[in-house]
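Subject: Structure handover

Hello,

Here is the structure I promised to pass on. My notes on it follow below.

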Amino acid sequence: MKFMIAVDLEGVACAVSTVGDTLSTSPNYAFACKQAVREANAAARALFDAGADQVVIWDNHGEGVNLDYDAIDERCDIALGVCVAGRWPMLDESYDGVLLVGYHAMDSTPAAAIAHTYASTLYQAVTIDGRLVGEMQIDAMLAGQVGVPVIFVSSDEAGVRQAEEWMPWIESVATKKAMAYHRAVSLHPKRACEAIYKGVQRAYARLAEMKTLTCPSPCRMEVRFKTLEEAQRANFRDMNGQPFGFADAYTRTGTVRAPDILFF
């Protein structure tokens, strides 16, 4: 049995940013990296204890070089870095499931910790066939393209709600309840890891019930930018190779075969 654990930072226990900062530039970044390793290890340990043969931990926050790799469970393989076209690193049909650990709600979600969609200063909203999507939904769709289901999600309460709306079959753990973009009440970091361990064990026991999230193909995709400059600079191409049109000054739109244009 083979699994990949996608690890972000904003959704881990006790991770918040400070006013004017992203998490990566805030005083809390070092702790978030440490806690992400703990939570990823808890998920990996649950998988191995349940019978997994291989677990890949994917460091996918920002530039993909955030975690203390010496501190990761040595039974795991580690995917890291960026600057290669596409999203999931070497994910294929040989995997039995993927897990989203430390993820967060989509941009503009009220009362969600550090809510954004891939680039906190770039995208305000992304829709597929008129429905808002965030990182969890798009990552799940791209895994679904190769027939791999998301089986577990950890995030704040708002992120978990959004994940369960799209993927009601998953097991999940809410690591904290956000009060605002920069404020939350969190589980103690050790208790969050314990909850993730148990949640992943439940997910493994229910593997036969897990489903893939698929994206209609073709689909209409809209990307709303936070600045006019970025909207004008965007080089997105539709399924016919034509530049995305403008729905308005801030929003580019086009018909695509898959929502992976953000990663090329």
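Ile261 is buried, because its relative accessible area is 13%, and the cut-off for buried is under 20%. Please keep in mind that this is a predicted model.

Where does Ile261 sit? Ile261 is found in the segment after β12, which covers 251-256. Now its surroundings. Set aside the neighbours within four places in sequence, and Ile261 is in contact with Met221, Phe236, Arg237, Phe244 and Val256. Ile261 and Ile78 are 183 residues apart along the chain, and 25 Å separates their C-alpha atoms.

Next, the strands.

β7 spans residues 150-156 and β8 spans residues 171-180. These two strands pair in the parallel sense, over five bridges. For a specific pair to look up, take Ser155: its bridge partner in β8 is Ala174.

What do β7, α3 and β8 make together? They form a right-handed β-α-β unit, with helix α3 at residues 157-166.

β8 has another pairing to look at. With β9 (residues 183-186), β8 pairs in the antiparallel sense over four bridges. One of the residues to check here is Lys177, whose bridge partner in β9 is Val185. The link from β8 to β9 is a hairpin through two residues.

To recap, β8 pairs in the parallel sense with β7 and in the antiparallel sense with β9.

Best wishes

How values were computed. Residues numbered from 1 in each chain as written. Predicted model: local features only at pLDDT ≥ 70, side-chain atom pairs only at ≥ 80, totals over all residues. Heavy atoms only, no water. Pairing = 2+ DSSP bridges. Right-handed = clockwise from strand over helix to strand, strands pointing away. Buried < 20%, exposed > 50% of the residue type's maximum accessible area, 1.4 Å probe, protein only. Contact = heavy atoms within 4.5 Å.
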